[in-house]
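Take a look at the model below.

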Amino acid sequence: MFKMIKKQSPGRIIALGFAFVILLGSGLLMLPCSIQDGVKVRYIDALYTSTSAVCVTGLIAIDAGDTFTPLGQFFLGALIQIGGLGVTAVGAGIILAMGRRVNLKGRSIIREAMNLDSGRGLVRFVKSIFVLTLLFEGAGALLSFLVFVQDYPPLKALGISLFHSVAAFNNSGFDILGNFQNLIPYRDNVMLNLVTCGLIFFGGIGFLVIQEMWVKKFRWKKFSMHAKVVLSMSAALIVIGTVLIKLTEEVTWLGAFFHSVSARTAGFSTYPLGTFSNAGLLVLTALMFIGASPGSTGGGIKTSTFFVLLQGIKSAATNRAEKGFCFAIPVNAFRKASVITLIAGMVVLTGTYLMVIMEPEVSLMEALFEITSAFGTVGLSTGITPDLSDGSKFLSILIMYIGRLGPLTIASLWYFAKGERVSYPEGNIAIG
């Protein structure tokens, strides 16, 4: 069996790796030692929770704080960490820790998983991922502890802080505060809001960009085109989202800022989204669909994809070359961005259609919001998740899985042919 797996493409191996961890996680969450006394958990809910954790989503059918024991919460945090770093990166880290070398096949899988252009310096890059993760999550846990210790005993506050930091940096909206309350009790706590937003932001821009910012000492002029696109688009989306949310909802500027950052794949909320207007939900839906950046812990079509689409449209309208930050955009970039966006749109629309059929009492906006949240691996919900039927939960599981792997990776899994051997004459087709 292992020989057959080794012969598969990197994309298929990554997909199988995520599926294996999800199934393993569902089993761990079903153990009696993982569940609190007097609480019953159905397997579909354990599978849903495991998928949501590994796909760093945060959608919950059962409340983690009220359902799982400290050991179960540890398993959940470990699944979030593995899902955020990526199964391949964690596997490579274990191999390196054992003193063994990563072979060429392993390097190819890592490069595919992390969206890297080349295989140079892969081992060094994997090591830097673990170091950066430890630094950010450690700092986040320390700062979060200063807030939570005011409301909980020190030991419990430490556990909540560690879990929260891991969830925030990995852009997963899980919490263990109980009662499905998320961070609503801390909506006015400036420190926790800013710490959470900081962890979400750095987890969402990608390890490549974080590393480049450090190496080049935060000098904008020396940044690569990729880093400039990611940072500028992330900042622009945060500002635009904040303003639009503030215009449509009765929230503070801090609340609008927090949800603008969180909607881009984290899934934490400080206000009940069930009370938001359709306009506000539409803004959050757009942010969730765009998502984070390549090589990060987040999902969505990615900020760089959205940037390339905008530049391609601008180029078609103005008849000028596609460019950005004094660089020419690669020739096939717009085509790839268009394919990713089209497939993503089809996944979201199909999922929404099926959910509306299976859940006739759910409104179209609620279904669209739920499915987009699952695809963007966000975790925000209007509150309908726990009451979904088993069919809708399976649908959401599938869409979270697609969103974590990426629509293009999923679309290529079935492809076995080596390529076309016949060329055809170019035809004419009217466009527009």
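S128 sits in helix α8, which covers residues 122–148. Helices here are DSSP runs (H or I, at least four residues), and strands are runs of E with at least two; both are numbered from the N terminus. The model is predicted: local features need pLDDT of at least 70, side-chain atom pairs count only at pLDDT 80 or more, and totals for chains, interfaces and linings use all residues. Residues are numbered from 1 along each chain as its sequence is written, and side-chain values use heavy atoms, with hydrogens and water left out.

Is S128 buried or exposed? S128 counts as buried, because its relative accessibility is 16%. The cut-offs are these: buried is under 20% relative accessible area, exposed is over 50%, and partly exposed is in between (1.4 Å probe, protein chains only).

S128 also has a partner. Its side chain makes a polar contact with the side chain of Q211, at 3.1 Å. Such a contact is a pair of N or O atoms within 3.5 Å; within protein, one must be able to donate a hydrogen and the other to accept it, and residues adjacent in sequence count only if both atoms are side-chain atoms. Along the chain, S128 and Q211 are 83 residues apart, while their C-alpha atoms are separated by 7.9 Å.

Now the cores. In soluble globular proteins, nonpolar side chains tend to be buried together. A nonpolar core is a set of buried Ala, Val, Leu, Ile, Met, Phe, Trp, Tyr and Cys residues joined through side-chain atoms within 4.5 Å. The largest one has 85 residues, and F148, F268 and F375 have the most contacts inside it. Apart from it lies another core of 18 residues, including I245 and F276.

Next, the rings. The whole structure holds ten aromatic pairs. Rings of Phe, Tyr and Trp (its six-membered ring) pair if their centres lie within 6.5 Å; planes under 30 degrees apart are stacked, over 60 edge-to-face, and the rest tilted. Two of the pairs are tabulated here.

| Pair | Centre to centre | Angle between planes | Type |
|---|---|---|---|
| F148 and Y186 | 5.3 Å | 80° | edge-to-face |
| W220 and F223 | 6.0 Å | 65° | edge-to-face |

F148 lies in helix α8 and Y186 in the loop between α9 (154–169) and α10 (190–205), so their pair ties together parts 38 residues apart in sequence. Both F148 and Y186 are buried. W220 is partly exposed at 38% relative accessible area, whereas F223 is buried at 6%.
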